[in-house]
Amino acid sequence: MLYMICATDVEGSLDKRLQARPAHLERLHQLKSEGRLILAGPFPAIDSPDPGPAGFTGSLVVAEFGSLEDAQSWANDDPYVAAGVYESVVVKPYKKVLP
């Protein structure tokens with residue numbers, strides 16, 4: 001089943017985000033190589049694809065996991081969590097309708 005992982009960043013965590021980004025992306029690439037990743041990306045803090053020093057306000061991942069517990073465990077192990085980038089993380093079942 002699909003699950004959405006929606007995280008909110010701690011204000012002012014851009015430096016921590018940039019430091020943890022390679023390890024964060026490595027996990028996403030693993031999901032992609034397994035054919036489980038639907039989409040992933042950050043929320044720019046301003047209306048721009050490259051927010052520069054304004055940074056980001058959070059992230060969204062939609063991927064396939066065996067259970068809600070598996071999705072929550074994967075989210076808890078994210079390098080952004082360990083680095084203190086995320087203030088909160090919500091994991092919910094997701095049903096893709098379109099496209």
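Modeller: **Salt bridges up close**

R36 and E34 meet through their side chains in a salt bridge, at 2.5 Å from N to O. That term means a side-chain nitrogen of Lys or Arg within 4 Å of a carboxyl oxygen of Asp or Glu. Keep in mind that this is a predicted model, where local features need pLDDT of at least 70 and side-chain atom pairs count only at pLDDT 80 or more, while totals for chains, interfaces and linings use all residues. Residues are numbered from 1 along each chain as its sequence is written, and side-chain values use heavy atoms, with hydrogens and water left out.

By this rule, the count is 3 salt bridges. R36 is partly exposed at 25% relative accessibility, and E34 is partly exposed too, at 39%. (Buried means under 20% relative accessible area, exposed over 50%, partly exposed in between, using a 1.4 Å probe and protein chains only.)

Next, R17 pairs with D9, with their closest N and O atoms 3.0 Å apart. Here R17 is buried at 5%, and D9 is buried at 7%.

Then there's D78 with R27, whose closest N and O atoms are 3.7 Å apart. D78 lies in the loop between α2 (68–76) and α3 (79–82) and R27 in helix α1, so this pair ties together parts 51 residues apart in sequence. Helices here are DSSP runs (H or I, at least four residues), numbered from the N terminus. Both D78 and R27 are buried. Beyond its neighbours within four places in sequence, R27 is in contact (heavy atoms within 4.5 Å) with W74, D77, D78 and P79.

Terms used. Helices (H or I, at least four residues) and strands (E, at least two) are DSSP runs, numbered from the N terminus.
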